[in-house]
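These are my notebook entries on a structure that I went through by region. I kept each entry to what I looked up.

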Amino acid sequence: MKNFVNFFNNIGKLRKIPRRGSVLIGSKQPSNISDHLFRTAIMAWTLGKEKKNLNLRKVLEIALVHDFCELYVGDKSPYDYMATLPKDKKKWPDIFDKWPRYSLVEKEKMALEKRKKEGKALDKLIQSLPPKIRKSLKSNWLEYENNLTKEAKFVKQVNRLEALLQALEHGQEEKIRVYKSWWIGSREKIDDPILIKFMSSLAKEFKTKK
Amino acid sequence: MSKKFFLTKNGLSRIEREYQELLKLKAFKTKGESPRIFHSEEVDPEFLAFQEDLELLETRIVELELVLKNVQMIVPPAKDKQNIVDLGSTIVVEIDGQQDEFRIVGTLEANPAMGNISNECLVGKKILGHKIDDEVVIGSDPKIIYKIKEIRYEELC
């Protein structure tokens, strides 16, 4: 059972890894990977109940596993792939109001590199687990990364909405400006009708609370 | 009426290949065997998730059958219509002074990280039907303008 103890111990460490987006916008109480995995799972599970034909067990498994690899590679924001973020933090708001833009070739290159690095990190994390469990964790992650099934696509979009919700909460609780990029990225990524509806509710709800 | 699934030629081949492989896998599993080819994730990681669970495998097969029954191929429009954004087009847009490049595809092939955006997302929906130099306004708060700089139709990969 030593292998399980080590694995759970490592999973616990995800609590100590802050979400990069929260850090970049200057949150004093950034959320962490564990928070994000937990709420993504709850959101995907409950919003998934509104949909027909989603396998919710699969949804939950994918949601819980999808960022395990960040234990070793850390959390990265789309801005981390830009050549450099200026050292002068006063320039950051202008940058964060724009979604980072890349050519198709650059997007494909970055996505493949990210997948490769994260795959290796996940392998390292789960290497001592029994083969059947290892396989299940890895296959759920691969399904998510490769956007293969409707469950994986759904979780990927919920993942984006959890980050948007977090940004809105930081805005409200810590008076941090909610940069335009949170909305821009979501409008290009979310195509599930229920999640589009949820995104529009978020906009209304947080506008009212301003 | 069943929902139509828009697919490029390559997208359809991928679905057909997956369907055939899963049928083979099911045949092996119901005989209590497991095909050796699936034992290595390097060989074909796409099908790993269905190795252990027959119920999941069967659900996925039914799902793929539904797609194959209701597929609508994405084909490039006639030459005189290629100045309009449609499914299968690759577009270059200017947003807030920056350039971006997308392919517009159906929801099954959407993968924004790879530049393939869905015709059913807010941006995809709004941008369809527009021409070069059109300014497409997305959302109200914040309101973002996508100016179309280039439209091309090419083989999707």
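**Entry 1. A glutamate in chain A**

Which residues does Glu118(A) touch, not counting residues up to four places away in sequence? I worked on a predicted model, and there I found Cys69(A) and Val73(A) as the residues that Glu118(A) touches beyond that limit. I placed Glu118(A) in helix α7 of chain A.

**Entry 2. The contact between the chains**

I next looked up the contact between the two chains, where 31 residues of chain A meet 34 residues of chain B. For the model as a whole I noted ipTM 0.86 and pTM 0.90.

**Entry 3. Helix α8 of chain A**

I returned to α8(A) for its geometry. Its 15 residues reach 21 Å from the first C-alpha to the last, close to the 21 Å expected at 1.5 Å a residue. I listed the buried residues of α8(A) as Ser136(A), Leu137(A), Lys138(A), Ser139(A), Asn140(A), Trp141(A), Leu142(A), Glu143(A), Tyr144(A) and Glu145(A). What covers these buried residues? The cover includes α4 (56–65), α7 and α9 (150–174) of chain A. Just after α8(A), I found a positive phi of about 55 degrees at Asn147(A).

**Entry 4. The layout of chain B**

I counted 3 helices and 7 strands in chain B, and I wrote their order from the N terminus as β-α-α-β-β-β-β-α-β-β. Of its 157 residues, 31% count as buried. Among contacts in chain B with a separation of 6 or more, I found that 53% join residues 24 or more positions apart.

I then took the division of chain B into domain 1 (5–73) and domain 2 (79–152). The contact between them takes 6 residues from domain 1 and 7 residues from domain 2. On the side of domain 1 that touches domain 2, strand β1 (residues 5–7) of chain B gives the most, with 3 residues. I classed the residues of that side as 4 nonpolar, 2 polar and no charged.

**Entry 5. A hairpin in chain B**

I looked up strands β6 (residues 135–138) and β7 (residues 144–153) of chain B, which run antiparallel and are joined by 4 bridges. Glu135(B) stands opposite Lys147(B) in β7(B). The hairpin has 5 residues between the strands, and I found that Gly139(B) takes a positive phi near 75 degrees there.

**Entry 6. Confidence in chain B**

I noted a mean pLDDT of 86 for chain B, with 84% of its residues at 70 or more. Where does pLDDT stay under 50? I found this over residues 39–43 of chain B, for which the model has 3 contacts beyond four places in sequence. Where pLDDT is low, the predicted coordinates should not be read in detail.

Methods. Residues are numbered from 1 along each chain as its sequence is written. Chains are lettered from A and ligands numbered from 1 in the order in which they are written. This is a predicted model: local features need pLDDT of at least 70, side-chain atom pairs count only at pLDDT 80 or more; totals for chains, interfaces and linings use all residues. pLDDT is the predictor's confidence in each residue, from 0 to 100. Domain bounds come from an automatic or database domain assignment. Helices (H or I, at least four residues) and strands (E, at least two) are DSSP runs, numbered from the N terminus. Ala, Val, Leu, Ile, Met, Phe, Trp, Tyr, Cys and Pro count as nonpolar, Asp, Glu, Lys and Arg as charged, and the others, Gly among them, as polar. The expected span of a helix is 1.5 Å times one less than its number of residues. A residue is buried if 20 or more other C-beta atoms lie within 10 Å of its own, exposed if 12 or fewer, and partly exposed in between; C-beta atoms are placed from the backbone. Two strands pair if DSSP finds at least two bridges between them.
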